[in-house]
Amino acid sequence: MTVRMAQEKDIPQMNQLLYQVAEVHHRGRPDLFKGNAKKYTDGELREILSDKSKPIFAAVDENDIMKGYAFCIFQQHKGDNVLTDIKTLYIDDLCVDEGCRGHHIGSLLYNAVKEFAKEQGCYNVTLNVWECNPSAMKFYEAVGLTPYKTGMEIIL
């Protein structure tokens, strides 16, 4: 298993994984997430792939079949009144194919993202995780991430 930057040829495989992620969220919070949906259209994926500020990492097997991905976004708040100018690599979406979970592909992807962020001069790597996804929470804690802010809600 290797990690490389995603390419346009990967879009069909990314779509399969995007549907899997969306389904996990739909099962956990059907009041918020639609079923049988995906986060990005093919056009949006092509735009993201061409945007250097939004790197996508692909974990691929020996046959170049994608088994996982990590969508990332560089963030920086230059000139903000309260936030410092640190450069952050935000993991917008990380998915491992449901048939391959437990084989350390997520750790491989996360470590590749972390090393890339260091190389790019980032101060930190951040992400959000939904409370309805305890297995993701457990994974992120296992690789060393700790909470730095909490979102809260009241359903009316």
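## Second largest pocket

The second largest pocket has a volume of about 240 Å³. A pocket is an open set of points on a 1 Å grid over the protein atoms alone, where a 1.4 Å probe fits, with protein on both sides within 12 Å along at least five of seven lines. Of the 13 residues lining the second largest pocket, Gln 75, His 77, Ile 86, Thr 88 and Tyr 148 are the closest to its centre; lining residues have an atom within 4 Å of a point.

The model is predicted, with local features needing pLDDT of at least 70 and side-chain atom pairs 80 or more, while totals for chains, interfaces and linings use all residues. Residues are numbered from 1 along each chain, and side-chain values use heavy atoms, without hydrogens and water.

## Helices H1 and H2

Helix H1 (residues 11–28) and helix H2 (residues 42–49) pack at about 115°, their axes 11 Å apart; helices are DSSP runs (H or I, at least four residues). H1 and H2 are therefore roughly perpendicular (65 to 115 degrees). The contact (heavy atoms within 4.5 Å) involves Ile 11, Met 14, Asn 15 and Leu 18 of H1 with Asp 42, Leu 45, Arg 46 and Leu 49 of H2.

Key: Points joined across faces, edges and corners; volume = space filled by probe spheres on them. Axes fitted to C-alpha atoms, helices over the stretch in contact; angles between N-to-C directions. Helix = DSSP H or I, 4+ residues; strand = E, 2+ residues; numbered from the N terminus. Parallel < 35°, antiparallel > 145°, perpendicular 65-115°, else oblique.
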